Amino acid sequence: MQIINDPVQMQKIAESLRLKHQFIAVVMTMGALHEGHLSLIRLAKQKAGTVILTIFVNPKQFGPNEDFHRYPRPFEKDAAMAKAAGVDYLFAPDAELMYFEGFQTQVSTGNIASCFEGSQRPGYFNGMATVVLKLMLISKAHLAVFGEKDAQQLAVIKRMVKDFNIDVKILGAPIIREDDGLATSSRNIYLSSEERKQATVLYRGICRAKELAEQKVTDTEKIIEDVSSVIESAPAAKIDYASIVDVKTFSKADMLKTGNEYLLLLAVWIGSTRLIDNAKLAV
Ligand code: AMP
């Protein structure tokens, strides 16, 4: 595995791989790798001859009061995990090489990015889309694998790829969970052991929603009410949002209609840690 820090060098390598007709997959992360990230790498390896893993804690997608400075950066451990997982190139650029002097162009995302994570975190999706576009262009990937854990992010990226005619196939990968249902996340390490126990309420809320959908309960207000009471049964939990949306448009759904697909979206504070999770719902 080769470690590259310079975007220009990475792009040159990618171009030479393309000239050798290599099929390139990219997995983009902010590091602090866990099973969720490794599942994306495994999927990328199944699909492509060359896998580029990017690790970049993107300053442009953190708000002033967010955790940019305390975000975990265990680079040596990440590099060892990436190597063991079969990554070919680990691209970990310096922020000054990504956002050099004079940098000023941003992707401007639309409607789909204005709600939920977008309304709670101004600038987040523009910053995310900008770095994803840069990483696509630098890695010259044919395929990019993203987790369904960040469902709105995935939808925004698919929209950008379509809107800009970007020649990269986007593959969504299922959410990886711990044995007790908590979705693996780099932010889980912020949880105290007591909070970690209580954090399972997100998954318990998801299970409750799925149960109700299976029982053909179609009133989304009723489902959200039940999910909220499950989540709020944990003293450390405070719901930021809990909503059921149409999977394509991210607009709120009043009723679950047969044949349509919906997403239950959750953002919940557990103490001072904000966790997100989601699940597909259908009746
Ligand atoms: P992050 O490092 O948190 O920015 O995540 C990098 C990529 O890993 C994104 O595409 C995430 O959706 C994906 N990811 C993070 N956690 C999980 C998980 N538990 N299961 C599947 N994919 C995940």
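Guide: Ser139 is found in helix H6. The model is predicted.

Visitor: Why is Ser139 called buried?

Guide: Its relative accessibility is 2%. Buried means under 20%. Ser139 therefore counts as buried.

Visitor: Which residues does Ser139 touch, not counting those up to four places away in sequence?

Guide: Ser139 touches Ala14, Ile24, Val26 and Ile52. Contact here means heavy atoms within 4.5 Å.

Visitor: How far apart are Ser139 and Val8, in sequence and in space?

Guide: They are 131 residues apart in sequence. From C-alpha to C-alpha, Ser139 and Val8 are 10.0 Å apart.

Visitor: What does the side chain of Ser139 reach at 3.5 Å?

Guide: The side chain of Ser139 reaches the backbone oxygen of Met136.

Visitor: At what angle do the axes of H6 and H7 cross?

Guide: Roughly 55°. H6 covers residues 124–139 and H7 covers residues 151–163. Their axes come within 10 Å.

Visitor: What makes H6 oblique to H7?

Guide: The crossing angle of roughly 55° does. Under 35 degrees would count as roughly parallel, and 65 to 115 as roughly perpendicular.

Visitor: Is the crossing of H6 and H7 left-handed or right-handed?

Guide: The crossing is right-handed.

Visitor: Which residues make the contact?

Guide: H6 gives Tyr124, Phe125, Met128, Ala129, Val132, Leu133 and Met136. H7 gives Gln152, Gln153, Val156, Ile157, Met160 and Val161.

Visitor: How do the residues of this contact divide into nonpolar, polar and charged?

Guide: Eleven are nonpolar, two are polar and none is charged.

Notes
Residues numbered from 1 in each chain as written. Predicted model: local features only at pLDDT ≥ 70, side-chain atom pairs only at ≥ 80, totals over all residues. Heavy atoms only, no water. Axes fitted to C-alpha atoms, helices over the stretch in contact; angles between N-to-C directions. Helix = DSSP H or I, 4+ residues; strand = E, 2+ residues; numbered from the N terminus. Parallel < 35°, antiparallel > 145°, perpendicular 65-115°, else oblique. Left-handed = near helix turned anticlockwise from the far one by under 90°. Nonpolar A, V, L, I, M, F, W, Y, C, P; charged D, E, K, R; others polar. Buried < 20%, exposed > 50% of the residue type's maximum accessible area, 1.4 Å probe, protein only. Polar contact = N/O pair within 3.5 Å; in protein donor to acceptor, adjacent residues only side chain to side chain.
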